[in-house]
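Subject: A structure for you to look at

Hi there,

I'm passing this structure on to you, along with some notes on what turned up in it. Have a look at it first, and then read on.

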Amino acid sequence: MNNRENEMPILEVKNLKKYFKSGRGKTKLVVKAIDDVSFNIYKGEVFGLVGESGCGKTTTGRTIIKLYDPTDGEIFFMGQRIGAGHQGLNDNISEKRKEVRVAVQQLKMEYNARISASPSAEDQASLKKELAEKISVLQKEKQEFIRKNKLQISERKRTVDQDTPLMRKMQMIFQDPIASLDPRMTVKEIIAEGLRIAGVKNEKEIITRVNKVLETVGLLPEHASRYPHEFSGGQRQRIGIARALVVNPEFIIADEPVSALDVSIQAQVINLLNDLRHDIGITIMFIAHDLSVIKYFSDRIGVMYYGNLVELATADELFLNPLHPYTRSLLSAVPLPDPRYEKTRKRIVYKPWEVHNYENNPPRLHEIKEGHFVQANDEEIESYMKILK
Amino acid sequence: MANTPEKILHVQDLTVSFKTTQGMVRAVRGVTFDVFKGKTLAIVGESGSGKSVSSRAIMGILAGNGVIDDGQIIYRGQDLTKVDEEHYHELRGNKIGMIFQDPMSSLNPIMRIGKQITEGMLLNGNRLKERIKQKSADSKNILSEKLNNLDELQRKATKVKKSDFGNKAAELTEIKLDILKAKKEIKLAKADYKKATAVAKKEVYMDYRTEQARVNDQIKALKDTSNQGSNNAKIAELKEQLIRYKKVTKQEAYERAIKIMKEVGIPEPERRFTQYPFQFSGGMRQRIVIAIALTASPEILICDEPTTALDVTIQAQILELINDLKKERNLSVIFITHDLGVVANMADSIAVMYAGKIVEMGTSEEIFYNPRHPYTWALLTSMPDLDSKDRLRAIPGTPPNMLFPPIGDAFAERNEYAMKIDFERQPPMFKISETHSAATWLLHPDAPKVEMPKIIRDRIERMLNTTSKPEEAANE
């Protein structure tokens, strides 16, 4: 995976932020569901995203496929920008305005004092002139800054216009196979809906393509005329996968596709996704909270904690050398079917307020080893380096 | 600590069906297991295997269309299948507690947490009634014993009626005589019980009145003395004491609730007491549910997939909590789950269920290190563990439709090791060791020797190797 440096990623996420706001005035609440997350996904790989519930992994998936609009940051898909937020630029502008306002006030105070102190009227006039000049310089600088930022904002807004044929290359599989299928539509209608929206009108073609995709996911063509309730959980999830596959996507976001399924059915669905990836060469972003499944299925894994990506590495590397304390605590919580090991297993509890001291040295995502990123500040990086050696 | 723990619950041949418009759904088809004091029994199986239904039958909360066709649930000498709804109240919650899967839907969203925890204590808080019950317990036990006797006789009678051989008529008449005798005895015992209750009632109320008089006198004495200010507090305390003699007061319930909330690990219980469920996270909600179950200090705790809706770290916390409570309170736990990984840490013994039957039963080491039933193998192989790389061996097909339970082994259809006999006759439980048994024809002496799949063998070997070096295992 080392030669990935030069390769163009199929999906690139840069400083993505998504905030949810609720209430106003005193009760205003901003939830930072994703707070500055960056990663790349390369062609043909499975990128796993783990974390506890509420850490923002599902929000990340949904923002990428544009079910949500990003607050800030950019998303590139196959080299083209598909989503961007401009909260940061807006903030820049308002900050600049504030800065200039304060500076002008200070200048005014300073000069007013000097003016009232100076005896001659001439001096006063020249001082006033000087003040006016200085202020105008500041204002100009401000306007220039705002203009630049506004230009960027409008540019971001412009490129974010929907590029439908491109977006069709990205599809999503949802968690709950019961809730995500319309109970009043037959399987054929469910699967063909995407095709019809894509502009396929030839009924014959639709039927052949639906039948083909049903076969791919291990269902029979005669299932097409049935309704979702006639299927078992695993089969329903297959329908969900077929619906995503029918428009020939390059990239699939699978949001906990097996969490709602029974153990024996889970294996069927995981095997199916594995086959698809080897046969069709699809790229998958796999969101899950089950570590054993994600380890088995993914090439690279990102660990999320409260809107931040705390660690990112290849699956083997992550499980062999977990560095971030949260990753360690997550790994120590995995139960295994091994009673003797379980009796000795000690769970590490992650207490961010005890482990980290980020007051004057804020953390950043640092590549500590080739392909192994971890969020840490300078001191922690040193200690992690020691562990790795 | 005795070597052989006391058996508290014994389930024998439990059979449960549900009446539906399509016919009878045979959810549980003859399940036998024991629960011992201070031990955990894990019931593992997929959805629809009947694991939840069995536990609900024990709690007496089967859905309205559910019927217990056959079998016994013996709790402390009492057959729970024969207990009527009115008397079930004394057991349900008080002796057998239950935790449900989804903590959001088992809590009332518009009721404060504190009220939900104390509700049961306050409703069952009549101490005088409790005392009456205690005093008349002896005669009640005699009565229930007699009733059980009668039951046994009646069952014997039906058995004799059904059997073909032997001197049927003579046996029947003998049993009938016994039944008549038993019925007469029951009549007497009932009268005794009634009398005993009446006596107990009188005694308890007399005690209460004397207590009342004593406290009132004290209050009067306090009131008569001149310094009113300091006495008011004392008077209030005395009054509270008197009420507490009669019933559980709100103050008392509050104190107890705070204590239990601390015990289940809820920080700042005083503040949390007045909050609503939506203000709690998933793990905290599950702790509340556990706290509610614990208020009545039950002997048996049934946990119906308590961690399925939670993620890994929270799951580990809740499992640890249940384990700690079990040790502290010497609880017996019935732990229901579909995830074999979860129970390795919890269970003393494990029952694997499939299509309404227990297919394998043993201690947790026996099940994990020496599984014998193909379904257990399949369950173990279908989940990836942290080291697996090969293709997963999914179980093909789906569980059978229990409207039409299969004639032979229910797992035969999905079983690659199935033999001809599996489709014709149900396998009995073959004993492997004193505690370990499995229902598969593969264990029959005439069956071909079949090894367990290589994946499991490798995994078990690996597990046994790593655990001998615990430090290495921790690093992995």
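How much area is buried between chain B and chain A, and what share of that area do carbon and sulfur atoms give? Please keep in mind that this is a predicted model. The buried area comes to about 3,800 Å², and 58% of it is from carbon and sulfur atoms. On the chain B side, B:Asp311, B:Val312 and B:Leu386 provide 17% of what that chain buries against chain A, more than any other three residues. The contact involves 43 residues of chain B and 36 residues of chain A.

Charged pairs come next. Two salt bridges cross the interface of chain B and chain A. B:Glu320 pairs with A:Arg347 in a salt bridge whose closest N and O atoms are 2.8 Å apart.

Over all chains, the count is 44 salt bridges. Among them is the one between A:Glu250 and A:Lys43, with the closest N and O atoms 3.0 Å apart. This pair links distant parts of the chain, 207 residues apart: A:Glu250 lies in the loop between helix 7 and strand 7 of chain A, and A:Lys43 in the loop between strand 2 and strand 3 of chain A.

Finally, some helix packing. In chain B, helix 5 (residues 137-162) packs with helix 6 (residues 168-224) at an angle of about 160 degrees, their axes being 9 Å apart. Helix 5 of chain B is therefore roughly antiparallel to helix 6 of chain B. Their contact has 14 nonpolar, two polar and 10 charged residues, and the crossing is left-handed.

Enjoy exploring!

Best wishes

Key: Residues numbered from 1 in each chain as written. Chains lettered and ligands numbered in written order. Predicted model: local features only at pLDDT ≥ 70, side-chain atom pairs only at ≥ 80, totals over all residues. Heavy atoms only, no water. Axes fitted to C-alpha atoms, helices over the stretch in contact; angles between N-to-C directions. Helix = DSSP H or I, 4+ residues; strand = E, 2+ residues; numbered from the N terminus. Parallel < 35°, antiparallel > 145°, perpendicular 65-115°, else oblique. Left-handed = near helix turned anticlockwise from the far one by under 90°. Nonpolar A, V, L, I, M, F, W, Y, C, P; charged D, E, K, R; others polar. Contact = heavy atoms within 4.5 Å. Buried area = accessible area lost by both parts, 1.4 Å probe. Salt bridge = Lys/Arg side-chain N within 4 Å of Asp/Glu carboxyl O.
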